Amino acid sequence: MKTWIEAFSIIDFISVGILLTAVTLNAFKSIESYVKAYTINSWLLSSLIAVVAVLVGETHLYVAALLTLATKGILIPLFLRRIVRQMRVTHEVVPYISNSLSLAISGILVAVVYASLKEGIFVTGFSRNVLQISIAVILISLFIMITRKKALTLVMGLLFMENGLFLAGFSLTFGMPTIIELGVLFDMLMGVIILGIFAVQIKRAFASADLDKLTVLKG
Amino acid sequence: MIVILIIPIVTAILCYVLKNARLTGYVSLAGTIALAVSAWPMITSSISAPISAMDGAFSMDALSGYIMGLVIFLSLASAIYSISYLEHELETGLTDLRGVRRYYGLLHLFIFTMLIVTMANNLAIMWIGIEATTIVSALLIGLGFHKRPLAVEAAWKYIILCTVGITFALLGTFITYYASTAVMGTEGALNWTVLKTVAPRLNPETMKLAFIFVLVGYGTKAGLAPVHNWLPDAHSQAPSPISALLSGILLNTAFYGIMRFVSIVGPSTGEAFTGNLLIIFGLISIGISAIFILVQENYKRLLAYSSIEHMGIISLGVGIGGPVGIYGALLHIMNHALSKPLMFFASGKIQSRFGSQNIASVKGVLTSMPLLGSLTLIGALSLSGTPPFNIFVSEFTVLKAGVDKGLWTVVALFLLFVVIVFYGVLSGFGKMLFGKPGDAVGSGTGHHHVPALSLGRVLGNGIMIIMALSVIIMGLRVPGFIDETIRTCVQVLGAK
C-alpha cells in the first residue's frame, strides 16, 4: 500500500483536489454549491490525513482523519444545509466582482504563493506542495470572504480557510495531539453553529442577508 | 484546581434551570462568591510558586494567578452589578425571564472560558479557550439579552473578525509546534513550562513567522489597531455588565496570550523583534483611538475607544520591555481593569436613566444623581490619566521605561496622543456631568422617577463605590502585595 501511494503521488493528487475545490468557489452562483464544494473539500482533507496515517503508521492520525470526517465532512455540511433551507434565501451568492475576474485573481494568488514559498523554510518530505497549497487555499478563501455579499458566504469562506489552516498545520507537524485536535474541532463546530444562528438573525432583523445592510454602527 | 473550573459550569446550569428571575441573580452571585473563595488559596500559592494539575495540562504561575485574580474580581463585580441591571430591565420590560436565564447561564460560561485561558499550560489549549471566549461572548452580545438589530450586527462583526483573526493565531501556534518539535520531539512540545526552557534554541526564522501570525490573531482579539473595528460596536451594544467584562478582562486575556508568546519568541529572535512590533502596534492603537475619542458622540463608544487606547499602552509597555516597561504594562492591566468596568457600570445607569447613549442627550448627571455623578467623575479622571489617579501611575511608569531606553520618538508620540485622549475623555464626560439637568437635547423621556431602593441596587452601588475607592488607592500608592505579585510576574516573563 505504501509503495502504491508513493508511486502514484496520491498525496499530491489529493491536495490538488483540495485546491481545486477552493478555486471552484469563484465560479459558483448558489450557496448550495458552496456547501457541496465544502463537503468534497473536507472529505479530501480527511482522506489526505488517512493516507499519511498509512504512510507513517501512527494511530492518532487515523483518529484525526475520522474526527475530521465526522465534523467537517458530515456534521457541518448537514447543519449548513439546514440553515440554507431555513433562511429560504434566494440562493444567489451575489459577488461584488464578476466571476471571471474573481477566478483570475484566485489564479494570481496561487501563483504568488508558489513564487514566494518556493524556497520556503518548511520544506520537509511530503509537505512541500501541501504547504503551498494550504496557504493558497487560505488566501483564496479570504478573497472569497471579502468579495461576496451574503452572510452565509462569509461563513463558507471561513470554513474553507479553516480547512486550509488544518492542511497547513498538518503538513508542518503531522497533526496535533488528539486532545487538542478534538478541542479545536469542537470550537469550530460551535463557531459555525453560532454563525449560522446569527445569519438567520440578520436575515430576520434586516429582512435581508446582505451584509451591505450592516452599516449602522460605525465611527 | 479542577474544582474552580466546575463551579462556573454548575452555576451556569443552575441559573439556566431556575424559573425565578430574582432568585437567578442571587444564585449567580453565590456562584461567583464560591468561585472567588475557592480560587483564592490557589491564586496566592501560584504567586509564590508555580502549581500544576492533570499531568501538567494546567499550570499556573504568578502571571496566570494575577490575570485569574482579575478575572474573578471582575466576574464578581459584574455578577453583583447584573442583579440591579437586570431588575431594571425586567421592570421596564426590556427583557423577560427567558432572557434573564440565558444571560446568567452564558455569563458563567463566559467566566469559565476565561478561566481556562489563564490556567492552560498548553498553548493550543489556551487558543481553544480564547476562541471559546469569542463564541460565548458573541452570544452574550447578540442574544444574551433581548434581540435588537444593532446588537445582532455588532455580534456578527465581532464573531467574524475575531474568528478570522484568531484562526491566524492557530496557524502561529502550529508553526510554534513545528519549531519546538524540531528541537525536542513531540512530548510536551506546546507546554509553556517546557517551551520556556528551550526557547533560546528554537529556530529564529520560524519563530518570527509564528509570532507575526500570533500577534495578528490575538491582537485582533485584544483590540489592537488596525483590526479593532469590532470593538466599539461590540462594547457599545452589549449589556453594560458584559461591556465591563469585555473591556476590563477579555481584552487582557487575549493580550495575556501575546505576552506568553513574547517570552518564548524573545529569547529566540532577540527582544528587538517582538519589542518593535509591539511598540508599532501599540502606538498605532493609541493614535487611532485618540482621534476617534476626540470626535466621538456616543459615550459607550467613547469608552470602547478608550479601551483600545489602553490596550495600546499595555502593548507599548511590553514592547519597550525591561523590568520597568513590563511592570508598567502589568500595572496598567490592573488599573484599566478597575477604572473601565466602573465607567461601564456607571454608563449603564446613565443610559437607563436618560435612555440614550448620546453625549449630547445627557446633562447634569452630577446634580441629578450626585453619587453616580461623582463615581463617573472619578472614573473619567482616572481614564484620562489625571494625577493622582491610578492610570496616571502606570502610564507614567511606561513613559519612564521609554525614557530610560532613550526611545525619544516613541515617548514624544505617546505623550502627544495621551494629551489628545486626556482632552477627549474629559470634554466628553464633562459635558455629561456638568450643566443643568433637563437642558439636554432630546431628553425628557419622562421616566425620571427614582427607582425603589432594593438590595440589588444597594449591592450594585456598593461595588461601584468599592471600585472607585480602589481606583483612588491604587493611584496614591500601589499596595504591597500587588507590587510583589507584579514583580514576580515580571520575573516569570523573563525581563532582564
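## A serine and its surroundings

Leaving aside neighbours within four places in sequence, Ser356(B) is in contact with Tyr299(B), Gln351(B) and Ser361(B), where contact means heavy atoms within 4.5 Å. This is a predicted model, in which local features need pLDDT of at least 70 and side-chain atom pairs count only at pLDDT 80 or more, while totals for chains, interfaces and linings use all residues. Residues are numbered from 1 along each chain as its sequence is written, chains are lettered from A and ligands numbered from 1 in the order in which they are written, and side-chain values use heavy atoms, with hydrogens and water left out.

Ser356(B) lies in the loop between α13 and α14 (365–368) of chain B; helices here are DSSP runs (H or I, at least four residues) numbered from the N terminus. With a relative accessibility of 17%, Ser356(B) counts as buried, because buried means under 20% relative accessible area, exposed over 50%, and partly exposed in between (1.4 Å probe, protein chains only). The side chain of Ser356(B) reaches the backbone nitrogen of Asn358(B) at 2.8 Å, and a polar contact of 3.2 Å joins its side chain to that of Ser361(B). A polar contact is a pair of N or O atoms within 3.5 Å; within protein, one must be able to donate a hydrogen and the other to accept it, and residues adjacent in sequence count only if both atoms are side-chain atoms.

## Aromatic rings

Over all chains, the structure holds eleven aromatic pairs. Rings of Phe, Tyr and Trp (its six-membered ring) pair if their centres lie within 6.5 Å, and planes under 30 degrees apart count as stacked, over 60 as edge-to-face and the rest as tilted. Two of the pairs are set out here.

| Pair | Centre to centre | Angle of planes | Kind |
|---|---|---|---|
| Tyr38(A) and Phe160(A) | 5.7 Å | 75° | edge-to-face |
| Tyr81(B) and Phe345(B) | 4.3 Å | 15° | stacked |

The pair in chain A links distant parts of the chain, with Tyr38(A) in helix α3 (residues 31–56) and Phe160(A) in helix α7 (residues 151–173), 122 residues apart. Tyr38(A) is buried at 0% relative accessibility, and Phe160(A) is buried at 0%.

In chain B, Tyr81(B) in helix α3 (residues 62–91) and Phe345(B) in helix α13 (residues 322–354) are 264 residues apart. Ring pairs also link Tyr81(B), Tyr85(B) and Phe345(B) into a cluster.

Notes:
Helix = DSSP H or I, 4+ residues; strand = E, 2+ residues; numbered from the N terminus.
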